[in-house]
Amino acid sequence: MLSENIEKALNNQIKIEAESSQIYLAMACWAEVKGLEGVAGFMFKQSQEERDHMLKLVKYVNERGGHAQVSALAAPNVTFNSFKEMFEELYKHEIFVSDSINELVHISLQEKDYSTHNFLQWYVAEQIEEEAVARTILDKINLIGDDKGGLYLFDRDIVTLTVNSASTVNPQ
Ligand SMILES: [Fe+2]
Ligand SMILES: [Fe+2]
């Protein structure tokens, strides 16, 4: 059984993951209308992943005797001044999500809810990876600057972008 405090905090995270999904969906649409299919595909995939993060929490809350809340969401930004600005926003948002997950972990320990603490470890590892991906992309965008040819190649390469983050690589 979830404590009232934990249920409230988990429901808040459900809202954050749902909003993340909307934020990346809006970014996907902007990239798509700008003709950058690779970036759009990446964002559509990110959006779907955030929905999966949300659903995983929804199932957990309901399974543990709580009631997952489907709430109104804040409207995302739908236009950006540049791709750099868009990816900066993605990176900042992932840092915000990581902070929120860390706070949740903190609450679970305060409440001595070790099941929830254990459940949240997946999110902790996931955030390490998400931040690594966002930072890698931002580094590449900073290298490209305003070069149109560079952006064209970036759009092609993002399709196959894989980032070996500390959470996914087994040291040999
Ligand atoms: Fe997420
Ligand atoms: Fe994320």
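**Figure 1. Spacing of the donors at the iron ion (ligand 1).** In this predicted model, the donors of the iron ion (ligand 1) are arranged along the chain with the spacing E-x32-E-x2-H. The protein donors are E17 through OE, E50 through OE and H53 through ND1, lying 2.1 Å from the iron ion (ligand 1). E17 belongs to helix α1 (residues 4-33) and E50 to helix α2, so this pair ties together parts that are 33 residues apart in sequence. E17 and E50 are both buried.

**Figure 2. E50 between the iron ions.** E50 bridges the iron ion (ligand 1) and the iron ion (ligand 2). The separation of the two ions is 3.5 Å. With an OE donor, E50 is listed for the iron ion (ligand 1) together with E17 and H53. E50 is also one of the α2 residues that meet α4, and H53 is another residue on the α2 side of that contact.

**Figure 3. Packing of helix α2 with helix α4.** Helix α2 spans residues 37-63 and helix α4 spans residues 114-144. Their axes come within 12 Å and cross at roughly 170°; α2 and α4 are therefore roughly antiparallel to each other. On the α2 side, the contact consists of F42, Q46, E49, E50, H53, K56, L57 and Y60. These meet S115, T116, F119, W122, Y123, E126, E130, V133 and I137 of α4. By class, the residues of the contact of α2 with α4 comprise eight nonpolar, four polar and five charged.

**Figure 4. Surroundings of Q127.** Q127 is a residue of helix α4. The relative accessible area of Q127 is 4%, so this residue counts as buried. A polar contact of 3.1 Å links the side chain of Q127 with the side chain of S98. When residues up to four places away in sequence are not counted, Q127 touches E94, V97, S98 and I101.

**Figure 5. Surroundings of F154.** F154 is located in helix α5 (residues 148-157). With a relative accessible area of 5%, F154 is buried. Neighbours within four places in sequence left aside, F154 is in contact with V39, F87, I137, K140, I141 and I144. Among these, I137 also takes part in the contact of α4 with α2. L143 lies 11 residues from F154 along the chain, and the C-alpha atoms of F154 and L143 are separated by 10 Å.

Methods
Residues are numbered from 1 along each chain as its sequence is written. Chains are lettered from A and ligands numbered from 1 in the order in which they are written. This is a predicted model: local features need pLDDT of at least 70, side-chain atom pairs count only at pLDDT 80 or more; totals for chains, interfaces and linings use all residues. Side-chain values use heavy atoms; hydrogens and water are left out. Axes are lines fitted to C-alpha atoms, for helices over the stretch in contact, and angles run from 0 to 180 degrees between N-to-C directions. Helices (H or I, at least four residues) and strands (E, at least two) are DSSP runs, numbered from the N terminus. Angles under 35 degrees count as roughly parallel, over 145 as roughly antiparallel, 65 to 115 as roughly perpendicular and the rest as oblique. Contact means heavy atoms within 4.5 Å. Ala, Val, Leu, Ile, Met, Phe, Trp, Tyr, Cys and Pro count as nonpolar, Asp, Glu, Lys and Arg as charged, and the others, Gly among them, as polar. Buried means under 20% relative accessible area, exposed over 50%, partly exposed in between (1.4 Å probe, protein chains only). A polar contact is a pair of N or O atoms within 3.5 Å; within protein, one must be able to donate a hydrogen and the other to accept it, and residues adjacent in sequence count only if both atoms are side-chain atoms. Donors are N, O and S atoms within 2.8 Å of the metal (3.2 Å for Na, K and Ca); water is not among the atoms, so sites may look incomplete.
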